[in-house]
Structure formats: structure tokens, C-alpha cells
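Please open the model in your viewer and keep the selection panel at hand. The tour goes from one selection to the next.

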Amino acid sequence: MNDDADKQHLMGSGGSPYALAQLAKAVTTALTHEDPGTRRRAEDRGRQWRAVLAGMAGGRLAVGSRTPVAGLPAWVTPEVVRGGFATGAASAGGPLLEYEAEAARRAGASEDRRALFAYWHTEDGLDRLSGLLDSGRYEVTVPEEAALLTVAWLARAGNVDAALDLVRELEPFAGRLRFTPRPSVGPAPDATAVHRRTVAEAGEMLARRRPDKAVETQREALAVWQPFGDDLLVHWLQTTEDGRVLARTPDDGWHERGARLLRRYTRLAAEHTYCTKHRNPKENLAILREALEETVAGRPLDARRLGLLRHAVASMVERRGLPGSERHTALRRQQAAQSALPSHHALAQLVLRRLSGLPQNVGAAEIAPLVAPVSAAEAEETGLPAGAVIPPAVRQAVEGALSAAIGTLVERGVVPSAEVLAELVPQLVAVTTAQLYPDEALRTLMAANYRAFRNRRSLLLLDLERQVRVEELPWVRAVASQRADAETDEASANALRQLGELAVQAFPGTILPNPLVRELTVLARQAELGAPLVEELAADIFMGTFSPKFLAAARVAAELLGGGTLYERYYGIDYAAVRNLAIVEAGEAQTRSYGARTSPGFAKLCAERAGVSPSGARSSWSVASNGTVIEQAQILTTHNLATLVHRVGINPATGWEDLARRCFVTACRLTARVHANPRPLGTIKDVAYAWRQMVFHLSLCTPREQARTLDWLTEEFGRHPAHVAARLAPALAGLRQVAAGGAVDEGTGRRLLGWSTDGHWLRADPMPAA
């Protein structure tokens, strides 16, 4: 494909259509959303997208480059918005933060970053930085905040030249970026445990909870308005004779009692605003109240109002019995017990109080005390009933803060998907990476730096540019000589194997998300296993080329799956040809004086398998055609499964047969969402992912396990809606045909793929089964 044309498609003419659309969306939300917080966040996004568009128009931003901001090197963390667009600002820039201003005041320096930068290189400044290093009581939120701590470590380790070299590299940006961390109350978190959210974040979730309007309306109706309605009814029953309300009232005291009831109503209506039925003139309570207002005011009731009053009194007595009767008393007792149950909002506030006593910037080691029923002491303090149980919605917010081994979090459902797993893995990789450094203080610093680096948002990159790696940060390069690489190869390999097994076993029907692939790649590089791991490519910006690691990953798959396996035959792959292609390109690369940036042979093979015209033919370009080529790359490489099995050595405890069955269940569940779905293509792609994972796992089973599982797949169809079986039947037939030694018969069977350029066969609603 033509690169210039592709870039024009991506960026549009005169600016990015994507950026303009995001700006319009943010402005609309900022003007129309009912929640003030949401409007405020939308205003911030609007500011960022205006900066993106202004930077592009003014030539200050180079979208698609790994150095998108003019004047800032690649290692500076850019502010990045959705889609990978840099705004032009640096994440470590902006006005001085309060901890920086406080440091300047203590140092007697002016409150600007350049003066503060100079102070940190004085004897007093280095002593303070050294104290932070030893205590570990600091937070690194962007990688730049670890820079001057690294200078202090180098200086006290006697490596003054390296410290000065680092200072010289940082100095041009001393006035713009903050290079020191913020002090914290507690030390660095436990290295062996991870958490999905901190205690503070769990508290914020609970603080954002608002009373449920429907629940509070019902509670108010039961606790306030029904008792008041009973009192009104009793008052009017004093005027009845033979069960019929009379036009006359019994005595003057009745009027005075009625006036007190009306004053009480006014107070209740002002205090309790959820339930408004008492204002509805058609409701019995409103009819009784309005009649009382007329009577107390000395105005006789006309025939119409008297008729409404008599009907209301009669219907209320008929429905619930006379106030004080056994039937009426039992009903009101039951309703009073129901209204006395504490609201979820009140219980959330109690749990929030419990959280407030814990360290806020880490997870919680124990969750049970935080979600225990209301204690007697708490009941006395809050008015909540003792023994009241914390509801599931509140528990869920707190359980996300559990700090434990990552396998434990997966088992307990705190990590529900591979995407969430990918969010947590950097915490573990940070610890493994930090083990490279023998010095404890440096180990703590590099772990904090890595965690902060992994919060760096990916840039939109073109021309096979790669994202900045942590090793490129100047302060990480400055201490590279301190690494004990040989001693940590085994630790990295073990961590890679454990995480790979966990991801594949816990989420067998899902491909590894890119953030997880990125972390596993770091471990594979440290372990020196020669384990090529590949990312999922975006079809809308794909330019028809693949980096050499894709062919390397396909070669690993050929080593594992070549020789006529079910996977090779089902997808029609000639893995012997793939091996030969890899050998040829590897030989060609050795004869060049520069490294190959692309694998033209692999790109051609994927395009041929997808039935797409060769690269450069613009007439064939579309997102769908890109998707078909990318999918063939995923099929040839198994999208990391073969590498994890063959090079990393994962061996899930539940076995390949179990994983294949769970993949099929996932495929059926996803296929159910296709039915009557006006936009099913994304779901169909996920179905194909799960199906491909299933075929891979089946290929690692013994022949007996394969046959047993294929029979089970047919039985499993019966546990799903009929339209699921009807849709997937051709795919299962094709799989059976291949397993029996033949090829997929397009007349009765299908090879299930996720992308299509001419309408996907899985999309159409199936005909009713005969």
C-alpha cells in the first residue's frame, strides 16, 4: 500500500477528522451533560483536543512520530489523548505542584523549577534526596520524577561522572519539567502483591455513590407518607356514621387537631422531597388533605368534594382495614421493617469511614473487616441497625482494592478479563525488572520508575516506529552498568512462564491484549529466550507491512504445529514453506549492513492468503481488506500462543482439552450476541478469536482427547439457543471434516474467520432448523 496515501487517509486534509470529531464530542458533553463532574472533565478534554489541532496546524506536532512534540526528545512523557495524539504538553510540565513549592520554600529558593533544579544539586539538596532514597517514602507518578533521585544515588555511589552526565542531559528542560518525586506517608508497596485499585480510589468510588432515587422514594412513602395518611384517615373516621363520612364535624377540637395535622404536613413536605404522590389530586391522601384544608378554613364541602372524600375513606378501609385492626397493624409492621432497612448509600458511607483509616496510596491486605456487617459500636455511632449486611455493589467497589497475589485476584473474580490482567501485570514486571539491581534503594527506585513508565500512554505511530522503551530513559541508562543481568534471567523466565500460563488458563477464549503483550515482551527480552511476541495491529492504520518479528513468531509456530497438525490443516497453512521463508529472510538480513525493518515475504504471504491485491494497489484498500491480512498474520503466528508454549514453556494445569472446551463455550456465548444485532462485526471478530484459540488447544491434545472433545462440542450446542447452533454448525462441520483427515468442504462446512470484505456468513440470521 502507498504510505503517503495511507497517511493522508489517517490524518485527513487540513487536519485530522478524528481529532475534530473528538473535539465536537467533548464540547457537546461539556455543554449538555447533567453531571458537573462530567462536564468539567469534558471541558478538559476539549482543551486538550484544541491543543492537538492547534499544534498540527502550526507544525508544532508531528503526529505518527515517536518524537511528536517539537523541541522535546523521545524520553519526555508527552500528554496523550485518545487515539494516541499528543497535545504538545509534557506530563511532567505545567505549574509547580504544591510539594515542589514547599520544597522551594524550605530551601529558600525562588518558586520556579530551574531554581529548584539548582538547589537539588547542593549538598543540602543531595542529602534530602538521599534521605528519600533510604526511606522509600516517595511516589513516582511520571518517570521524570525519578531522575534526580537517580542523580543522588549515583553521587553517593561514587559515580560522579555518570551523575554529571545525567544532570547535563536534564538541564535543558530544568525550567519545564519536574524531576523529583512527591513525598508520601508510607513506604513503597509490597512487591509480592498487586491491586486493581488503591484504597483511595475505592473510597472515591464509594463517595461518588448517590442515594437511589427509586429506593429512597419507596422508603419515604413507607416511613413518612403512609403513617401520615393513616392519621388523616383516623381523623376523618371521627366524622363517620355507619361507616359513611358526614358533612358535619363532631366538635371544635376536631378542627384544632386537623390544623395540627396540616401544619405537620407542611413540615413533612418540606423535609421529604423524594415521594410526590401526596401532591397528586387523584391520590387518596391528597383528597383527604385537601378536604381537611377546606373544612378547617370554614368552607363547607361541595357535593363533588364530599363524594371524593367518602370514596377515598371507604377504599382505604376496604384495602387495608381500619387503623388499629389486626390486618392493618400487621401490614404496617411489615412496611415499617422494610423502610427501616439501611440504604445502600448509608452503608457505603460506613465502609468509606472504615477505609479512611488505612494507607490510601496502596491496596488493602484484608477486605473482610471492611465489608463486615455493621457492628454494635457502629450502630450506636451511625444509627444503622447492628448486623446490617454490606450490599454486593458496595462490596465490589472495595474488593477491587484487595492487594494479593495476582493468581488470587483472578480466582476471586477481581480480575475479570485479560484486559484487566494487563493493567495489573506492570506492577509485577516492575518488581522483576528491579531485581536486576543489587542495591536495595536503587531497586526500589527503578521499580517505582517502571510503574510510572507503564502509565505512559502509547502514541499513534506510523512507518513501523516503536514506542519508547524504559531503557531509553536517560536515568535508566545512567545506572545500566549496575544491572546484574545474568542473575535475573531465570527470575524473568519464571515470571514470564507464570504470567503466560495465568493469562492463557484464566481467559482461554481471548487473545492477549497489547498492554499484556508489551509486559511479557519485557520479561522475554530480559530472559533472553528468543521468544518473539507480536501485538494486535489496528486495521484502520495498517500499511501493509510487518516487522520481522512476525515472521519469527510464525517460524516458532511452524516448529510447534508443522507436520500435519489439526491447526495447520484447518487453516490451510504450509508451515514448511513458512520455515523456508524465515530462513531465506534471515540469511538476507545477515548480508545487509543494517537491520531489516520489515518482512516483505511475510506481508506478501498474508496478503495472498487473504486474497488481497499486492501492496501498493490502492484500489483494494479498505479497513476490511486490511483486517483480512492482519487476521492471516494472527493465524500464521497463532498470536503468541505457539511462542508461549514452544519457547516460554507454559503448561496450564487444567490441560489443553479443558481450555479447548472453554474456548468453545466462549465462542457460543459470543455468537448469541450476533443474533438480531445491527452491528455484529466486532462480535464476529471475537468469535473467530475464540474459535482459533480452540483449534490451537485442540491441536495440542492427543488424538483420543481430540475425538472426545469434538463429540462434546456437539453436545454443548444443546445448552445454547438454537440460533447459536445453527450459526456455528458449518464451522463445526468443517472442523470435523479436517479432524477426519479431509479438507473443509465449502458445501457443508466452513473455515471460521473473523474478517470478510463481502459480508460475513455468520451475520445473517439462520433459517429455522428442520
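A contact here means heavy atoms within 4.5 Å. This is a predicted model, in which local features need pLDDT of at least 70 and side-chain atom pairs count only at pLDDT 80 or more, while totals for chains, interfaces and linings use all residues. Residues are numbered from 1 along each chain as its sequence is written, and side-chain values use heavy atoms, with hydrogens and water left out.

Select T38 to begin, and you will find T29 and H33 in contact with it, not counting residues up to four places away in sequence. T38 belongs to helix α3 (residues 36-58), helices being DSSP runs of H or I with at least four residues, numbered from the N terminus. With a relative accessible area of 17%, T38 is buried (under 20% relative accessible area, 1.4 Å probe, protein chains only).

Select F228 and Y265, a tilted pair at 5.9 Å centre to centre with 35° between the planes. This pair links distant parts of the chain, 37 residues apart, with F228 in helix α10 (residues 213-237) and Y265 in helix α11 (residues 252-271). Both F228 and Y265 are buried.

Then select Y567 and F696, whose ring centres are 6.2 Å apart and whose planes stand at 85°, so the pair is edge-to-face. Y567 is buried at 1% relative accessible area, and F696 is buried at 0%.

Finally, select F542, F546, F550 and F602, which ring pairs link into a cluster.

Definitions and conventions:
Helices (H or I, at least four residues) and strands (E, at least two) are DSSP runs, numbered from the N terminus. Buried means under 20% relative accessible area, exposed over 50%, partly exposed in between (1.4 Å probe, protein chains only). Rings of Phe, Tyr and Trp (its six-membered ring) pair if their centres lie within 6.5 Å; planes under 30 degrees apart count as stacked, over 60 as edge-to-face and the rest as tilted.
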